[in-house]
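Subject: Handover of a structure and notes on its architecture

Dear colleague,

Please find below the structure that I am passing on to you. My notes on its architecture follow.

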Amino acid sequence: MPALRPAHLLVASLLTTACLAQVTAGRPMPKTVKVHVDPAGNQGTVPPHLFGGFLEPIDSSINNGVIAEILVNGSLEAGLWNHAMLEQIFRDQPELIDSTNQTGIPIPWQPLNKAAGNRYELHVGHAANSWQSLEIMGTPDDLTGIKQRVYLPVPRTDGYRVSLYARHGSGPTRLNVSLRSRSTDKILATASIEAAAGEWTKYAAKLQLKLNDVHRLEPVDFAISVEGDERVDLDQISLMPDDALGPFDPEVVRMSEDMHMTELRLGGNFISYYHWRDGIGPLDKRVTMENIAWGIPEYNNFGTDEFLAFCKLVHAEPQFNLNMGSGTPSEAADWVRYIRERYQGPLILEMGNELYGHWQVGYPTIHEIAPRTLAFSQALKPLAKDAMLMATGESPNQFEAWNAAQYTNPPGTFDLLTMHFITGTNHVRLAPYTPDFMAAAAYAVPHALGAHLDSMQAQMDAVPGYKGKAHFAITEWLFNSKGEGERNFTNESPSSRNEGGAVMVAATFNTYFRHNAEVKLVDMTGLMEFAGIWKRREQVFASPAYYVFQLYAAAKGDTVLPVTTDTGTYSVKNGTQGYADVADVPYVDIVATRSKDNRTITLFCVNRSLTDDAPTEIDLGPSLVSGVAKVDQMTAVSRYVMNDEVEPKRVVPQVSGLNVEARKPLHLTLPHESVTVIHLQAASK
C-alpha cells in the first residue's frame with residue numbers, strides 16, 4: 001500500500017494539475033519535425049519598414065542614454081521627479097533624504113563636506129538656465145561645495161569635459177572641479193576655473209584620470225568646491241566624456257547603427273503635451289521641466305535637430321510623432337516646415353499617440369477623433385506630399401469601434417493606421433498559475449496576433465475606397481513582466497529583456513513576415529531599454545531581443561516563401577490577458593525568405609516548446625548549393641536569463657556551421673525555447 005501524502009502536498013499537486021490542464025496538446029510533436037519549403041513560391045515581400053525602432057524620454061532612454069551627459073539635473077532645478085520616481089531614487093541613495101531635508105540642494109546633488117554645514121541657497125528667477133540656480137557660500141575653515149555620485153564609461157575613455165555657468169558674488173574667484181574616490185576621498189582628477197565675472201558666464205575645464213584609477217562599475221563623486229569665503233552662484237553644470245559624438249554616446253550610436261533599423265520613431269506618451277519649440281535653439285538655453293508622462297526631468301536636449309542628426313548617424317529614416325493632444329494643426333504644420341528646412345529625405349509623420357487613452361494629455365473622444373485627424377491631415381499634406389502619413393488606430397484586441405470612427409474620414413486622409421501591440425506577459429486569467437503555464441501562454445501571443453491582423457484588414461477593406469489604399473503600422477510593440485506600480489518591472493515571465501522575450505520577438509517577426517500584405521511598418525520598443533540597447537552605470541549592453549532584431553533585419557525586401565510543417569501544436573485557455581484563449585499554436589514555427597538577388601535562402605526558426613528539443617528535417621528540393629551554411633542560434637539555460645552591465649553578453653547568438661548537400665534535406669536540432677536563423681546559398685534560377 002503506498003504511503004499517504006501530506007494534505008498540503010496533495011492540494012498543491014491538484015492545483016498544479018489544474019493549471020497544466022489549461023494548456024492542452026493538439027497535434028503531437030513528431031520524433032522528427034518535417035518541414036517543406038517551396039523555393040519557387042511567393043507569399044509577398046518583407047516590407048523594409050518592418051524594422052523600425054522607438055525612442056522617447058522614458059527612464060534612461062535619452063537622458064543618460066542616447067545623450068552622453070553623465071550628470072543628472074545639471075540645471076539644479078527642484079521638483080523634477082514624481083513621488084514614485086523619488087521613492088526609487090531614495091532607495092538607491094538614502095543619503096539624499098538628509099541632504100534634501102537639511103540643505104534644500106536639488107537632488108541628486110548633496111554637500112561635498114557635511115562639516116561645513118548649510119552654506120547653500122536656492123535662487124529662483126535669475127538663473128542662467130530655466131528658473132533656479134544654487135549659491136554656494138564658502139567658509140575659510142571647511143571645504144565647501146557640492147557633489148554628485150556618478151559612474152564613468154571606463155575603460156572606454158579616461159578624459160572628461162566639464163562646463164558650467166557661474167556668477168561671482170564675493171571673495172576669491174577660483175572654482176575647483178574634481179573627480180573623487182567615494183571610499184577614500186582621494187582626488188582622482190582636478191582642474192581649476194577662474195570665475196570672476198559678476199554676470200552669468202560659461203566656463204570649461206578638462207578632467208583627466210590616470211589609467212586604471214577608476215574601475216568599471218565603480219562609483220565616484222563629481223565635485224565643485226569654492227575657496228575660502230568665496231560666494232558664487234552656479235547653474236547648468238555638465239560632465240561629458242571626451243569621446244562623445246557631439247551630444248551622443250558613441251557606443252549607443254555604434255550599436256544603434258548595427259541594428260540596421262529602417263526608421264526611428266520619436267514619440268510616446270510625452271508627445272501629447274510636447275511642444276517642439278521647447279527643443280530647438282542653443283542647448284544651454286533650453287528650459288528644464290518635469291516630464292509629466294514619466295515623472296522624470298526633461299532637459300529638452302534631444303529636440304528636432306538632435307533627432308535628425310542621430311538618425312543620420314544610424315542611417316534611419318526619421319519618424320516624427322506629432323502632438324494631437326494639447327497641440328494644434330498649425331503647430332504641427334510649423335514643425336514640419338522646420339523639419340523640411342533642415343532635412344529633405346524620406347519622412348514619416350504620425351498623427352498622435354494612443355489617443356484613445358485617457359492617460360494622454362488632451363485626448364480626443366471617439367466622436368472627436370475623425371474630424372481632428374482630418375484637420376491635421378489637411379494641414380500637413382500640402383507641406384509634405386511625399387511623406388508617409390499615419391493616423392492613430394486602436395490595439396489589435398479592441399480595435400473595432402475606434403478604427404470604424406477613423407474610417408469615416410475620406411480615403412487618402414492617411415496612408416497607414418497605427419496600433420500598439422503591448423502585452424504584460426505575467427498577467428494571466430488563470431489563478432493560481434505555474435511559471436510554465438505563464439510562459440506557454442506568453443509564447444502563444446505572437447501566434448494569436450495573426451488572426452487579429454486579418455480581422456483588422458477585413459474591417460478596413462470593407463469601407464468603400466479603402467481597400468488596397470491603406471494598411472497598418474505597429475508603432476510600438478513590447479512584452480513586459482510588470483509588477484505593481486508604473487515602472488516596477490519583474491522577471492517572472494518572458495519579457496523584452498530576457499531569453500524568453502527573444503523567443504517572443506522572433507515569433508512575432510514570423511507573424512509580421514506572414515502578414516506582410518497587412519502590416520507595412522513596425523517600430524520595436526525600444527531602441528533604448530525594453531528590447532533594445534541598455535545603459536546602466538555608464539556601461540552599454542543589449543538585450544537578447546536586440547540580437548534577434550539584427551538577425552531578422554537582414555530580410556528587408558526578401559520574398560516570403562511557402563512553408564509547411566508537421567510540427568506539434570498546443571492550445572491555451574485562460575492565458576495572457578488580451579490573448580487568453582489561443583488554439584493550435586505550433587511548437588516549431590518557421591518562416592523562409594529568398595533574397596532579392598536570389599542568392600540566399602534564410603530560415604527563421606522558433607521552437608516554443610518549454611521542454612523538448614526538436615530534431616528537424618527541412619526539405620528545400622533542388623534549390624541549394626553544397627557547402628557550409630551559417631547558423632546563428634539564441635538559446636540559454638533559462639528563459640529568465642538577461643544581459644546586464646555586469647555580464648553584458650550572457651545571451652548572444654552562437655555562430656556555427658551546418659553542412660549542406662545539394663538536393664538533400666537539412667538536419668538539425670532546434671533547442672527548446674530558442675531562435676535559430678540559417679543562411680543558405682541558393683542555386684541559380
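**Strand pairing in the open sheet**

Strand β6 (residues 132-137) and strand β13 (residues 231-241) are paired in the antiparallel sense over 4 bridges. Within this pairing, L134 stands opposite L234 of β13. Please note that the model is predicted.

The two strands belong to an open sheet of 5 strands, ordered β5-β6-β13-β8-β11, in which the pairing is antiparallel. Its edge strands are β5 (120-124) and β11 (201-208), each of which pairs on one side only. From one strand to the next, the twist of this sheet averages 35°.

**The closed barrel**

A closed barrel is also present; its 8 strands run β3-β14-β17-β18-β19-β20-β21-β22, and their pairing is parallel. Here the twist averages 25° from one strand to the next.

**Helix packing**

Two helix pairs deserve a description. In general, two packed helices are described by the angle between their axes and the distance between the axes.

The first topic is α7 and its neighbour. Helix α7 packs with helix α8 (residues 369-380) at an angle of about 35°, and the axes are 9 Å apart. The crossing of α7 and α8 is right-handed. On the side of α7, the contact is made by P329, A332, A333 and V336, and on the side of α8 by A375, F376, A379 and L380. By residue class, this contact of α7 with α8 comprises 8 nonpolar residues, no polar and no charged ones.

The other pair consists of helix α10 (residues 435-461) and helix α11 (residues 499-514), which pack at an angle of about 20° with their axes 8 Å apart. Angles under 35 degrees count as roughly parallel, and α10 and α11 are therefore roughly parallel to each other. Their crossing is right-handed. Helix α10 contributes A442, Y443, V445, P446, H447, L449, G450 and L453 to the contact, while α11 contributes G500, V503, M504, A507, T508, T511 and Y512. The residues of the contact of α10 with α11 divide into 10 nonpolar, 5 polar and no charged.

**Aromatic pairs**

The structure holds 32 aromatic pairs. One of them is formed by W109 and F222, in an edge-to-face arrangement with 6.3 Å from centre to centre and 65° between the planes. This pair links distant parts of the chain, 113 residues apart: W109 lies in the loop between α4 (95-103) and β4 (110-111), and F222 in strand β12 (residues 220-226).

**Backbone geometry in the loops**

The loop between α4 and β4 also contains P108, and the peptide bond from I107 to P108 is cis, with omega near 5°. A cis peptide bond likewise joins V154 and P155, where omega is about 5°; P155 is located in the loop between β7 (144-150) and β8 (159-170). Finally, H260 is not a glycine, yet it has a positive phi of about 60°. The place of H260 is in the loop between α5 (250-259) and β14 (263-266).

With kind regards

Note on methods. Residues are numbered from 1 along each chain as its sequence is written. This is a predicted model: local features need pLDDT of at least 70, side-chain atom pairs count only at pLDDT 80 or more; totals for chains, interfaces and linings use all residues. Side-chain values use heavy atoms; hydrogens and water are left out. Axes are lines fitted to C-alpha atoms, for helices over the stretch in contact, and angles run from 0 to 180 degrees between N-to-C directions. Angles under 35 degrees count as roughly parallel, over 145 as roughly antiparallel, 65 to 115 as roughly perpendicular and the rest as oblique. A crossing is left-handed if the near helix is turned anticlockwise from the far one by less than a right angle, and right-handed if clockwise. Contact means heavy atoms within 4.5 Å. Ala, Val, Leu, Ile, Met, Phe, Trp, Tyr, Cys and Pro count as nonpolar, Asp, Glu, Lys and Arg as charged, and the others, Gly among them, as polar. Two strands pair if DSSP finds at least two bridges between them. Rings of Phe, Tyr and Trp (its six-membered ring) pair if their centres lie within 6.5 Å; planes under 30 degrees apart count as stacked, over 60 as edge-to-face and the rest as tilted.
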